[in-house]
Each structure stands twice: as structure tokens, then as C-alpha cells.
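This briefing sets out the strand order, helix packing, chain symmetry and selected backbone features of the structure shown below. Please read it with the structure open.

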There are 2 protein chains.
Amino acid sequence: MTPPADGTLADLGEFGLIDELARRFEQGPAVLLGPGDDAAVVAVPDGRVLVSTDLHVEGRHFRRDWASATDIGHRVAAANLADLSAMGGRATALTVGLAAPAELPAGWALELAEGIAAECALVGASVVGGDVTGADQVMVSVTALGSVTGDPVRRSGAGPGDVLAIAGRQGWAAGGLAVLTRGFRSPRALVDAYRRPQPPYDAGAQAAAAGATSMIDVSDGLLADAGHLATASGVAIDVRTEAFAIAEPMRAVGAALGADPLRFILAGGDDHALVATFPAGTPLPEGWAEIGVVTDGAGVTVDGGPWDGPTGHLHF
Amino acid sequence: MTPPADGTLADLGEFGLIDELARRFEQGPAVLLGPGDDAAVVAVPDGRVLVSTDLHVEGRHFRRDWASATDIGHRVAAANLADLSAMGGRATALTVGLAAPAELPAGWALELAEGIAAECALVGASVVGGDVTGADQVMVSVTALGSVTGDPVRRSGAGPGDVLAIAGRQGWAAGGLAVLTRGFRSPRALVDAYRRPQPPYDAGAQAAAAGATSMIDVSDGLLADAGHLATASGVAIDVRTEAFAIAEPMRAVGAALGADPLRFILAGGDDHALVATFPAGTPLPEGWAEIGVVTDGAGVTVDGGPWDGPTGHLHF
């Protein structure tokens, strides 16, 4: 869908923008009332709704010169959709808030919406509402609603003896970010991974069905997020680096930047891989691979010892 | 609850801030899983959830020198809670995103949270989750979830012959804003109305039960929002100014500023009054007052003719 105008948000106007955005959001069967009223209404058949909110700020979570508006739409939607997968659930509806300067090209906002809609389509979710407003800086807020079959998988259920496992790519987006930060555009596979993460959306529900005891999506960094599981569960977690095959583009970037590619894997977050714990001996669902163990104690170790590199990203 | 520190968000740190915020949010019975995981889980007994999102940007929706953080918390929560009332429903849960510079005083963020929590308590809603991040400007995103008994009241159901009615104060907040904009701090009643709107939360469900055909909360301006009802319903609406008693502080401000106080009533929005249409002859619930009529046609008139003043606020 091409933007209707070459102008700015100010040219399109608040209600023109809302109309054009709403046209880009197809409404699925769970949507009882879509955009355009004081609130939307979404079906939640089992009487419980999952909800998660994320903020994405230009210059901190994305840069307009590093990724297209469509890519950024995919990215911001993926972050929230993955949160619901990490509960063992699935997203059904999103609301999106866009704050932006009046001189932002309208086409940028509409392509952002198209990226969000396309990412939502991967899990069958609909954008049911939102808000637009002026601001000095582009900011996108995304809230996902969804459902879960059975009990949601929390961060707090890991027990000593469990195995730690991962689903999805890990470290690729961080490698891509490192490349972009230094002004490069290749290896393309990593840059693409940063621009459009591919969270393993179905892996969350599959892990829940297989008996996962705790789960999280890797958004801060693998060690940081494993740390959240350890803290919430009152256990220690040891990550085994031998479990990770270092893919060729990661090796290439490590060599080019003089960095150990393992750092991207252990401290990178933007891929939204899922990390979960399972009782020992649980046959892991397809797509899941064992990467560590849960023991008595506290904190996260790497190969049995302390890790002296970064563990993830802090916002303040 | 007093802030634990005199420092900034950077001093408190991301996870310190999240912990302190979460401590300020009591969890009601509808909350099956509160803050601290990848998503919260909220009970929605009838299998449908209402959802509405608003953004609030410093310098556009609020100023830190015009209202306390607690007041701003009340304001941003009220805007979303009123949206759900305007569907004939009631909010049960909020998520809140806070984007702010690292040098923001931590106490400001915590008092904001206390204001949000206090406003939520008025309707029995809980803050179940959110996100915090750095940004150049303070921005607050609020998403409300809730329930409705029976059919939600949309904007599109008004028919010719219906009466237009209002519940709640209208124009007081706009009067207060006009005062603050000019550097004054009184009349206090209007400034307070701007700082802490008092939406008639229960009036929405009461209107729905009485047979309201359409409803909206006044957030853009009375005439602008009546216009939304008219457009969505395919009708014309005439607002009768004789229906409005001009309260004493409104008269005083009008005289002091050389402005017709009717302008605050017709174009002001921040009170979050509810406006609804009812079939002619419907006994209006307590707190509702007739202010106009619905006819065939399109658009909004005032006392049968065009209105040449402002109708409300545009964001771009």
C-alpha cells in the first residue's frame, strides 16, 4: 500500500493520519469492535487476557537511518508479540501509540503501520486502536493483548536440576547492531536480523505444552534475562557456551570488529529468542536446544564461572 | 508513600525504578498476574475486553510547572479510565509506559505513579504492568483494559430525534488551562479542575443501562467530540447554549481574560465529561442534563447556527 501523500504529518492532519493508519490495519475474527471509538473490544474466550506494553524511542531503540519505517514497524511489533509467546500464549490484538514531530513525513508513519500490521499477521493479531500526538522525538508505544491455553509460564518456576534451553536465533541482531553502529551495512544477514527480528512465536506455546517451568524472551540480553529467571525462581543458572554454534556471519563480524562473537550471543537481546527451563529429561520441542543448567544458589554463571563482559542493556 | 531517594532516574537505575513503581501499584481481585513478568494476566469474566490507549507528552499535554507529578498521574489515568466509561464500561487494569530523561528526579516518577494509582482506585482498577525507558522528553503512555455489561455504547448509534446530554463538569479544565497559560494560579477551583479532572466514571454505565444510543468522552472539545458522534452516526447535532449554567469562577475568568466563558464550555476538553444521546423521552439518569438535539443532516451547530469559535484541539 503506497502512502497517499508526500507531505508531513502536519499536512495530513491528525484525523487524516488516523484514517490512513486505520486503513492499514485489517481486523481479524477476535476483534469485536476495531479502531474508531473510545475503546476497542476484543474477544478473550477463556476469560483471561494477557497484556504487555513496550516503549520504543528514536535514537535509543531505533534509528531512522539504520532501518526503514517498515522494518521498524516489524521490530516494535515483534518485541511485544514475543512477550506474549514468552508466557506460553499468543497475541490477538495490539494498540499502538505514535508520538512524532509534525514535520515527520506522513509516508514514514504509514510504512511504520504497514510493518506493524505485517508482523501482526504472522501470529494472526490485529491492530485494534491507538493514539497519535505531536512530540519532539519519535516514540512508539505498543501494547499487546492475547490469550494462553492453560497456565501462563512465569519467570519464577525454574527449579534446581532443570535444563535451560533456547529457541530462535541469538546474537544475530546484536551483531547487526554492532555493524551499523560502526557505519557498515554488512554482513547483510546480521543487519537484516537487527532490522527484522524473527522471534520463534510458536515456540512459547510449544514449550508450555511440553512442561516448561519458566520462560522469558531475550530482550535485555541472554545473561541479563537468564538472570531475571534466576532471581524470580530463586535459583542459579549456568550457561554452557559450547552449546552455541557460532554462525559464519557472526565469526566474520567478530574478526572484522576485533570482538568475540560470543559477546553478541551472551549479551545481545534484539532477536527476541525465547529462553525456558524444563525438568531434566523432558524431550524438548522442535526448535529448542539445551544451553545450560539450573542449580541451587543465585545468579548466572558462564561455563561454571563468572562472566566479566557485558550482560545486557540498561535503559538509565 | 515518600520517595526513597532524592536522586534521579539514573541514580535509581532501571530495575530500581521498576521495583519502586511496582510497590506503588496495589493489585485488585481481577489481577491474576501482576507486574514483573513478560506480560500480566487480567480476568475478563464475560470473554470480552475493552482496550484504549492514550499518549501524554510533556509540553503538549502537561507541564511540570503547572501541576504536580501526582496531579499529572491523576490526569493521565483519568483520560483512559474515562474512555472506558464512554463505552458504558469500567476499567479493571492499566499498563503505563514512562519515557523520560535520565536526569528526571526519581521522586517525580514515583509521585506520578502514586497519582495514577490513586485515580485507578476510584474505579477499582489496578496498574498491572508497563515499561520505562530513556527519552529526551517526558512521555507517558497509558492503556486501559476493562469490561462492559451488555453491548458497548458506540459513537455511531445516534438517530434523529434523540436528545444530546452531558454528565460531568465541562469547561472548567479549559478555564484553568487558560489561567495557567497566562501565568496566573487562580481561580483555584478552575486550576484544580485542570490539574485533577473529575470524570463522571459511573455515568457511562448508567447511561448505557438507560438506553444511550451513542456516547463519547469529551477529550478534544465539546463541539469537536459531538462532531465525532454526528459523523459516526450520520446525523446533525445542535447544541443549545441556554442549557449551560455558567458557574461563578468561569464568569470571573471570562471577565479577567476578556473571553466568553462559553468558549471554554464549547471547545474545552480536559474535564472528560461524558456526552451521550438518548431516545426522546428517555428519563435521563441522575447527573445527566440535556444540552441539545439530534436531527437529520450532518455537522454540529450551536443554537441552530454555525459556531465561529474554536471547536477543540488538534494534535498536528
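In chain A, 6 strands make up an open sheet of mixed pairing, arranged in the order β8-β10-β7-β11-β9-β12. The model is a predicted one. A further open sheet of 6 strands, also of mixed pairing, takes strands from both chains, in the order β1(A)-β2(A)-β3(B)-β6(B)-β4(B)-β5(B). Chain A can be superposed on chain B with an RMSD of 0.0 Å by a turn of 180 degrees and a shift of 0.0 Å along the axis, which is the relation of a two-fold axis.

**The sheet within chain A**

- Strands of a sheet pair through backbone hydrogen bonds, in either a parallel or an antiparallel sense.
- Strand β7 (residues 163–167) of chain A runs antiparallel to strand β10 (residues 274–278) of chain A, and 5 bridges join the two. Within this pair, Val163(A) lies opposite Phe278(A) in β10(A).
- β7(A) is also joined by 5 bridges to β11(A), again in the antiparallel sense. Here Ala165(A) has Glu290(A) in β11(A) as its bridge partner.
- β11(A) is in turn linked by 4 bridges to strand β9 (residues 236–239) of chain A, and these two strands run antiparallel. Asp238(A) faces Val293(A) in β11(A) across this pairing.

**Helices on the chain A sheet**

- Helix α3 (residues 69–85) of chain A lies across β8 and β10 of chain A, and its direction is at about 175 degrees to β8(A).
- Helix α7 (residues 201–210) of chain A packs on the sheet as well, where it touches β7, β8, β10 and β11 (288–295) of chain A. The direction of α7(A) makes about 5 degrees with that of β10(A).
- How do these two helices lie relative to each other, α3(A) and α7(A)? Their axes come within 8 Å and cross at roughly 10 degrees; α3(A) and α7(A) are therefore roughly parallel to each other.
- In this contact, Ala78(A), Leu81(A), Ala82(A) and Ser85(A) of α3(A) meet Tyr201(A), Gly204(A) and Ala205(A) of α7(A). By class, the residues of the contact of α3(A) with α7(A) comprise 5 nonpolar, 2 polar and no charged.

- Strand β3 (residues 48–57) of chain B pairs with strand β6 (residues 139–148) of chain B over 8 bridges, in the antiparallel sense. One of the residues concerned is Val51(B), whose bridge partner in β6(B) is Leu145(B).
- α4(B) lies across β4 (89–100), β5 and β6 of chain B and runs at about 170 degrees to β4(B).

**Helix packing in chain B**

- Helix α3 (residues 69–85) and helix α4 (residues 106–121) of chain B pack with their axes 7 Å apart, at an angle of about 40 degrees. α3(B) and α4(B) are therefore oblique to each other.
- The crossing in which α3(B) passes α4(B) is right-handed. By class, the contact of α3(B) with α4(B) has 11 nonpolar, 4 polar and 2 charged residues.
- Residues in this contact include Ile72(B), Val76(B) and Leu81(B) from α3(B), and Trp108(B), Leu112(B) and Ile116(B) from α4(B).

**Symmetry and interface**

- Gly47(A) is the residue of chain A that comes closest to the rotation axis, with its C-alpha at 2.3 Å.
- The copies meet through the same surface, because 100% of the interface residues of chain A are also interface residues in chain B.

**Backbone features**

- The peptide bond from Ser186(A) to Pro187(A) is cis, with omega near 10 degrees. Pro187(A) is situated in the loop between α5 (172–181) and α6 (188–195) of chain A.
- In chain B, the peptide bond from Ser186(B) to Pro187(B) is cis, with omega near 10 degrees, and Pro187(B) is placed in the loop between α5 (172–181) and α6 (188–195) of chain B.
- Asp303(A), a residue other than glycine, has a positive phi, near 55 degrees. Asp303(A) belongs to the segment after β12 of chain A.

Note on methods: Residues are numbered from 1 along each chain as its sequence is written. Chains are lettered from A and ligands numbered from 1 in the order in which they are written. This is a predicted model: local features need pLDDT of at least 70, side-chain atom pairs count only at pLDDT 80 or more; totals for chains, interfaces and linings use all residues. Side-chain values use heavy atoms; hydrogens and water are left out. Axes are lines fitted to C-alpha atoms, for helices over the stretch in contact, and angles run from 0 to 180 degrees between N-to-C directions. Angles under 35 degrees count as roughly parallel, over 145 as roughly antiparallel, 65 to 115 as roughly perpendicular and the rest as oblique. A crossing is left-handed if the near helix is turned anticlockwise from the far one by less than a right angle, and right-handed if clockwise. Contact means heavy atoms within 4.5 Å. Ala, Val, Leu, Ile, Met, Phe, Trp, Tyr, Cys and Pro count as nonpolar, Asp, Glu, Lys and Arg as charged, and the others, Gly among them, as polar. Copies are superposed by least squares on the C-alpha atoms of residues with pLDDT of at least 70 in both. Two strands pair if DSSP finds at least two bridges between them.
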